[in-house]
Amino acid sequence: MEYMKSFEKIIAEQLVRVEKMKTADEFVDFEKLDKIVVGVIDGDGIGPIILTEARRVLNELLKAEIEAGKIELRTIEGLTLENRIAKNETVPADVLAAIKSCHVLLKGPTTTPSKADNLPNIESANVTLRRELDLFANVRPVSIPEKNLDWIFYRENTEGEYVLGSRGVDINEDISVDFKVTTTAGTKRIARAAFEYAKANGNKNVSIVTKANIMKKTDGKFLDLCYQVAKEYPDIKTDDWYVDIMAANLVNEQIRSNFNVFILPNLYGDIITDEAAQIQGGVGTAGSANVGGKYAMFEAIHGSAPRMVTDGIAPYANPSSILKAAEMLLRHIGFVAKADSLSAAVDFSQSSKNMTGDASGDTATDFADCVISKLKEA
Ligand code: NAD
């Protein structure tokens, strides 16, 4: 029976993966660091334009901390399409080493060549960075202040239905089987990341989302382990929901503002975060972060917009999304008051600047000037 051999091989591989996770780095306690190094990566296309503005804003917002040596903004050179092609490496070794010398990253968008570009077939830098830095949590905030909604989703990014997504087996023409995997190490690390965030941001409520009544082994384990981690955070109110009712809760105006931090296995996280982003105004409006035990990378949700560069309108790129990513970075390292100030200044600038994305509107520099003057007022 060929499929039994295939199953044995899959299990053996998963056991090796688990052992690797067990020896991975523990969660960083930023409070204990003398200095936090923030790597700033320009990226491609409009990346250097919006990152220049983000750097200016952060230099103003963190002036005192930078002067005191508590924070360093360190520019990481060389994660450009030209350099990646020249070295024929997705993330050149020297760039990766420089990235690994930082604690957290603010990353500009990087271009992944498509077949039509007639360029060497370089892999996505993000896929490589997620793997190299073991960024296991996909974190997406969704906020609608006027409706009192302040949600953040911690989606497990490496297991569940996805880890063996292309390894299912057609037993015969009548039966096909896929696999779903939950591990202790994989679950505990996503749970801990979510609870650490909730703690660093004023002990927000945490909700665990599963289908543990049906998927008793995998989701059952996920749920039990999340509650085990919850015991380490006695000041945080924790509850759990099945994913079907949670999908309904998000559109239930009576109760949805009670939720803050969500922990979800991979597939449910994929679906529920798109629903939440749509409630906010569309999948393009939510920021995104990839977080690991040791490293975390914060990004604009959009790409490098190469056409804006060739059309000569790159200076009109909107830096809002990268500034939202910077806000998430500040929350991650426990700089909650700074994150709140940045959020307020970006919201104000969004309502007072006209970011049309072309010469009929304001530039990225105009937008950042507005953010900086608002920060100076505060
Ligand atoms: P894109 O998001 O780069 O751009 C699509 C369009 O959205 C642009 O032409 C522009 O009109 C608009 N736009 C995007 N960002 C904007 C901004 N800040 N201000 C104003 N308008 C903006 O999507 P794409 O064209 O599909 O991708 C271009 C490249 O980016 C591809 O190589 C892709 O692989 C890469 N990409 C990288 C990341 C990342 O690094 N995280 C994410 C997505 C796409």
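Predicted model: local features only at pLDDT ≥ 70, side-chain atom pairs only at ≥ 80, totals over all residues.
Helix H7 (184-200) is part of what covers the buried residues of helix H1. The domain assignment of the protein chain gives two-segment domains: domain 1 covers 1-25 + 140-262, and domain 2 covers 33-135 + 292-378.

**Helix H1**

- The buried residues of H1 are Ile10, Gln14, Arg17, Val18 and Met21.
- Viewed down the axis of H1, these buried residues lie within an arc of 100°, so they line one face of the helix.
- An α-helix has 3.6 residues a turn, so residues three or four places apart point the same way.
- The other side of H1 carries the exposed residues Lys5, Glu8, Lys9, Leu15, Val16 and Lys20.
- H1 comprises 21 residues (residues 2-22), and at 1.5 Å a residue it should span 30 Å; the end C-alpha atoms are 31 Å apart, which agrees.

**Strand S11 and its neighbours**

- Both faces of S11 are covered: Ser288 and Asn290 are buried on one side, and Ala289 and Val291 are buried on the other.
- Strand S4 (residues 137-144) pairs with S11 in the antiparallel sense over three bridges; in this region Val139 stands opposite Ala289 of S11.
- S11 and S12 run antiparallel and are joined by four bridges, with Val291 standing opposite Ala296 in S12.
- A hairpin of four residues connects S11 to S12.

**Strand S10 and its neighbours**

- S10 is likewise covered on both faces: Val261 and Ile263 are buried on one side, and Phe262 and Leu264 are buried on the other.
- Strand S5 (residues 149-156) pairs with S10 in the parallel sense over four bridges, and Arg155 stands opposite Leu264 in S10.
- Strand S8 (residues 206-210) and S10 (residues 261-264) pair in the parallel sense over three bridges.
- Ser207 has Phe262 of S10 as its bridge partner, while the bridge partner of Ile208 in S10 is Ile263.

**Domain arrangement**

- The C-alpha centres of domain 1 and domain 2 are 28 Å apart.
- Eight residues of domain 1 are in contact with eight residues of domain 2.

Conventions:
Residues numbered from 1 in each chain as written. Heavy atoms only, no water. Helix = DSSP H or I, 4+ residues; strand = E, 2+ residues; numbered from the N terminus. Expected span 1.5 Å × (residues − 1). Buried < 20%, exposed > 50% of the residue type's maximum accessible area, 1.4 Å probe, protein only. Arc of directions from axis to C-beta. Contact = heavy atoms within 4.5 Å. Pairing = 2+ DSSP bridges. Domains from an automatic or database assignment.
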